[in-house]
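Subject: Structure handover

Hi,

Here is the structure I promised to pass on to you. Have a look at it first, and then read on for what turned up.

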Amino acid sequence: PVTIEYPTRVDDRELWMSATLSPISNQTAVIVARDITDRVNAQKELEQRVEERTRELNTVLEVSRNLVATLDLNTLLGVIM
């Protein structure tokens, strides 16, 4: 069997489909297609959340490194601001 995933448009709406081709003989095959739009959209949303969270954590890491790097209170407050 061979499976492909592909986008298609229906009434100005993007749908994602998964189609599996299963050969039965040299001249016959069965194709099963299903709508995987919800799964693809959920994966895109998850990837976006991971990117946002990574940016937030990198900011916290940078601030914590700067905090550790200085002992002067005025410099420390400037870094925090």
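This is a predicted model: local features need pLDDT of at least 70, side-chain atom pairs count only at pLDDT 80 or more; totals for chains, interfaces and linings use all residues.

Three strands make up an open sheet, ordered E1-E2-E3, and their pairing is antiparallel. At the edges sit strand E1 (2-10) and strand E3 (29-35), each of which pairs on one side only. On average, neighbouring strands of this sheet are turned by 25° against each other, with direction ignored. Strand E2 covers residues 13-23 and pairs with E3 over 7 bridges in the antiparallel sense. If you want one of the partners to click on, Thr20 has Val32 in E3 as its bridge partner.

Now to a residue of strand E2 that I looked at in some detail, namely Ser18. Is Ser18 buried or exposed? Its relative accessible area is 5%, and anything under 20% counts as buried, so Ser18 is buried. Leaving aside residues up to four places away in sequence, Ser18 touches Thr3, Ile4, Glu5, Val32, Ala33, Arg34 and Ile36.

Helix H1, residues 37-69, lies across E1, E2 and E3 and runs at about 120° to E2.

How many salt bridges does a search of the whole structure find? The search gives 3. As background, side chains of opposite charge can pair when their charged atoms come close. Here they are in turn:

- Glu5 and Arg39 form a salt bridge in which the closest N and O atoms are 2.7 Å apart. Glu5 belongs to strand E1 and Arg39 to helix H1, so this pair ties together parts that are 34 residues apart in sequence. Glu5 counts as partly exposed at 44% relative accessibility, and Arg39 is partly exposed too, with a relative accessible area of 41%.
- Glu45 and Arg49 meet through their side chains in a salt bridge of 2.9 Å, N to O. Both residues lie in helix H1, 4 residues apart, which is about one turn of the helix. Glu45 is partly exposed, at 41% relative accessible area, whereas Arg49 is exposed, at 53%.
- Glu56 and Arg53 form a salt bridge between their side chains at 3.1 Å, N to O. This pair also lies within helix H1, with the two residues 3 apart, about one turn of the helix. Glu56 is partly exposed, with a relative accessible area of 44%.

One last feature concerns the surface. Which residues form a nonpolar patch there? They are Val63, Leu67, Val68, Leu73, Leu77, Ile80 and Met81, and together they have about 730 Å² of accessible area. The elements giving two or more residues to the nonpolar patch are H1 and helix H2 (73-80). Among the members, Val63 lies in helix H1 and counts as partly exposed at 34% relative accessibility.

That is the tour, and I hope you enjoy exploring the model.

Best wishes

Note on methods: Residues are numbered from 1 along each chain as its sequence is written. Side-chain values use heavy atoms; hydrogens and water are left out. Two strands pair if DSSP finds at least two bridges between them. Axes are lines fitted to C-alpha atoms, for helices over the stretch in contact, and angles run from 0 to 180 degrees between N-to-C directions. Contact means heavy atoms within 4.5 Å. A salt bridge is a side-chain nitrogen of Lys or Arg within 4 Å of a carboxyl oxygen of Asp or Glu. Buried means under 20% relative accessible area, exposed over 50%, partly exposed in between (1.4 Å probe, protein chains only). Patches are made of residues with over 30% relative accessible area and no salt bridge: like charges are joined within 9 Å, nonpolar side chains (Val, Leu, Ile, Met, Phe, Trp, Tyr) within 5 Å. Accessible areas come from the Shrake-Rupley method with a 1.4 Å probe; for residues, only the protein chains shown count as cover.
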